[in-house]
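Student: I should like to learn how to read the features of a structural model. Please take me through this one.

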Amino acid sequence: MIGNDNILEVKDLVKWFPKKAGLLRKNVGYVKAVDGVSFTIRKGETLGLVGESGCGKTTVGRLVSRLIDPDKGQMLFAEDGKDNNVDLAKLNGQELKNIRTQVQMIFQDPFSSLNPRMTVKEILEEPFIIHNMGTRSEINDRIAYLMRAVGLRPEFISRYPHEFSGGQRQRIGIARSLTLSPKLIIADEPVSALDVSIRGQVLNLMTILQESFGFTYLFISHDLSVVEHISERVAVMYVGKIVEIGSVEQLYTSPKHPYTEALLSAIPVANPEIKPKRIILKGSVLSALNPPSGCRFHTRCDYATELCKVVEPLLEDVTTGHQVACHFSGDLKLRGVEMFSVSASTG
Amino acid sequence: MNNHSAKLVDIIDLKVSFNSLRGVVWAVNGVDMQIYKERTLGVVGESGCGKSVTASAILSLLPKPQAQVSGKILFTDRKGITKDIVTLPPRSNAINTIRGSEISMIFQEPMTSLNPVFSIGAQISEAVLLHQQVSKSEARMRTIEMLSKVGIPSPIKRLNEYPHQFSGGMRQRVMIAMAMSCNPSLLIADEPTTALDVTIQAQILELMDTIKDEYKTSIMLITHDLGVIAAMAQDVAVMYLGKIVEYGNVKQIFKNHLHPYTEGLMRSIPILGQRSSGRRLVPIKGMVPDARILPVGCGFASRCPYRLPICAKAPPMLEIESGYHVRCWLHSKSHQKVEEKVEVIAV
């Protein structure tokens with residue numbers, strides 16, 4: 001069964017979306033959005049899930065929160081207060097509804113994820129009503145407490161979402177996810193739609209809330225700097241597969257997969273004196289409709305050999321806690337991020 | 001900014017305001033900015049700081065009569081004649097010969113800035129035919145040449161394809177091909193890579209750099225991403241609330257950043273490789289004030305951690321060293337004296 005420290009163990013998760021075309025909407029193939037993904041999240045940590053658009057990271061988040069149903073695979077979740085684990089993939093009806101109090105989601109776009117016709121109070125009390133929890137005064141106390149916790153004035157609860165700025169709306173979205181004291185929060189690009197100065201405020205808020213409430217984040221983002229900042233462990237996805245997973249230090253300083261190396265080198269560094277030699281990948285992310293044979297990255301990889309075109313590499317341990325899906329992970333000398341001192345940029 | 005090449009654009013005291021139903025919006029409030037030949041000027045700032053409006057003013061794209069523009073935008077064309085763009089009548093020949101031919105622009109969303117009902121070949125050759133005395137077949141040759149220059153494989157075949165048949169990165173390449181087709185002396189790039197994935201962003205930034213060297217074009221690069229600025233720009237202008245608050249070359253800005261807003265920007269985002277600095281960011285407090293109600297003194301005072309009593313008065317642009325300007329009382333030699341007086345009065 002699931003390890004003691006883990007809150008979630010995902011095993012061989014698969015989700016294929018049928019692609020229909022033509023007059024009769026015939027099925028012409030499958031978009032293999034998530035194609036055999038396995039990872040674990042430990043209690044109280046933040047696991048960053050990074051990748052480019054179309055790699056399936058959002059689908060993984062939606063599968064874990066069961067907004068969509070997986071085709072195959074297990075998602076073992078250590079339910080609060082129970083010894084045995086539940087498989088999120090198998091839940092239905094009332095069981096699924098109950099588990100939603102413990103698995104919550106924060107969305108990317110604070111403009112479309114809040115109902116414009118509900119006041120903040122209605123938005124925040126809806127979870128209690130749905131789950132039939134708490135008395136009137138308990139709910140009101142909890143809402144006022146949450147408003148303060150996310151840095152909003154409790155008097156604002158009778159306002160509508162349009163009366164708030166983007167950063168404030170994202171705070172409301174965070175407060176909503178916290179209403180029922182969840183154990184696992186899936187944050188799907190929570191700061192991508194925010195301005196630079198607001199992004200820092202929301203990231204700090206998310207860290208502070210985690211420290212005080214002790215929940216676990218699955219933090220989905222395309223921004224490797226943000227993920228480095230907030231996560232303890234990071235998983236890199238490419239066309240429906242996890243290609244590398246490890247601690248932040250392992251992955252950023254000594255990446256073992258060529259895709260991770262290229263991603264890291266592609267980030268412009270906010271220091272004009274550091275001009276790292278960028279690895280410019282050929283082409284763009286391949287469509288998950290027709291993933292290539294063998295290693296899915298071989299069409300863009302500088303190190304690819306004949307073997308890579310035929311045999312698909314499996315996710316294997318290279319060091320403790322660091323897994324890579326690459327045939328040559330042991331032989332390649334890959335460049336990570338140089339850790340430079342803070343004084344260089346704040347001085 | 002004295003020891004390098006000639007000025008291409010000299011903006012003097014540019015002010016732009018918009019009449020809206022809910023009052024006058026002061027978008028740009030006295031911007032002085034120079035773009036030099038064959039150099040890249042990076043303009044950084046958050047949404048609403050006036051950076052895109054400044055760019056639109058250079059191309060005289062602002063809607064009249066809603067927008068009131070004052071000040072001067074002196075542009076020196078290929079023949080060495082200097083014109084003030086602000087005084088050119090809209091839809092006149094004078095502005096049409098500059099727009100597209102001397103100055104061209106690429107936008108953030110390559111999806112919406114291309115016309116979906118025309119093939120990309122037709123859209124690029126339209127620009128060529130408008131501005132150059134060439135036949136249709138010559139325009140076609142020029143289009144093919146541009147498409148191969150920006151790295152679109154098999155350009156003759158793709159000429160007849162429509163925007164939806166291209167990926168985001170490829171569309172941005174088409175935009176660049178269109179913008180460069182008449183060999184402009186200034187390319188304005190408004191958030192050119194914000195909508196793209198990191199590996200595609202690296203490709204486009206590299207392409208812009210090669211194009212700039214080959215065509216000896218100046219670039220005005222508008223972005224909120226400090227990493228992109230550090231990688232691309234030689235000169236940097238930091239904008240806040242319609243004003244330039246700090247202006248200098250890229251090394252001065254990134255090493256010193258004397259203005260509290262620039263410092264705040266640098267400290268509020270996670271920077272790759274700086275995780276050792278702990279998990280807390282130092283974001284800027286509060287948010288950008290409403291551009292309909294301009295603060296009397298320094299626009300940043302309400303969010304500034306170093307606020308002084310004198311900040312109630314608008315700070316002048318101070319020259320710290322040759323070509324390096326900061327709009328902040330903290331760096332004024334006279335401020336200490338004024339400050340003492342203020343304190344005496346306060347006592």
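Student: Which residues in α3(A) meet which residues in α4(A)?

Tutor: This is a predicted model, in which local features need pLDDT of at least 70, side-chain atom pairs count only at pLDDT 80 or more, and totals for chains, interfaces and linings use all residues. Residues are numbered from 1 along each chain as its sequence is written, while chains are lettered from A and ligands numbered from 1 in the order in which they are written. K121(A), L124(A), E125(A) and F128(A) of α3(A) meet I139(A), I143(A) and L146(A) of α4(A); residues are in contact if their C-beta atoms, placed from the backbone, lie within 7 Å. These contact residues divide into five nonpolar, no polar and two charged. Here Ala, Val, Leu, Ile, Met, Phe, Trp, Tyr, Cys and Pro count as nonpolar, Asp, Glu, Lys and Arg as charged, and the others, Gly among them, as polar.

Student: At what angle do α3(A) and α4(A) pack?

Tutor: Two packed helices are described by the angle between their axes and the distance between the axes. Helices α3 (residues 120–130) and α4 (residues 136–149) of chain A pack at about 125°, with their axes 10 Å apart. Axes are lines fitted to C-alpha atoms, for helices over the stretch in contact, and angles run from 0 to 180 degrees between N-to-C directions. Helices (H or I, at least four residues) and strands (E, at least two) are DSSP runs, numbered from the N terminus. α3(A) and α4(A) are therefore oblique to each other (under 35 degrees is roughly parallel, over 145 roughly antiparallel, 65 to 115 roughly perpendicular and the rest oblique).

Student: In what order do the four strands of the open sheet in chain A lie?

Tutor: Strands of a sheet pair through backbone hydrogen bonds, either parallel or antiparallel. The order in chain A is β2-β1-β4-β5, with antiparallel pairing; two strands pair if DSSP finds at least two bridges between them. β2 (26–42) and β5 (86–87) of chain A stand at the edges, each with a single partner strand, so one side of each is left without a neighbour in the sheet. β4(A), residues 72–77, pairs with β5(A) over two bridges, and L76(A) stands opposite D87(A).

Student: Where does pLDDT stay under 50 in chain A?

Tutor: Where pLDDT is low, the predicted coordinates should not be read in detail. pLDDT, the predictor's confidence in each residue from 0 to 100, stays under 50 over residues 340–347 of chain A. The mean for chain A is 88.

Definitions and conventions. Two residues are in contact if their C-beta atoms, placed from the backbone, lie within 7 Å.
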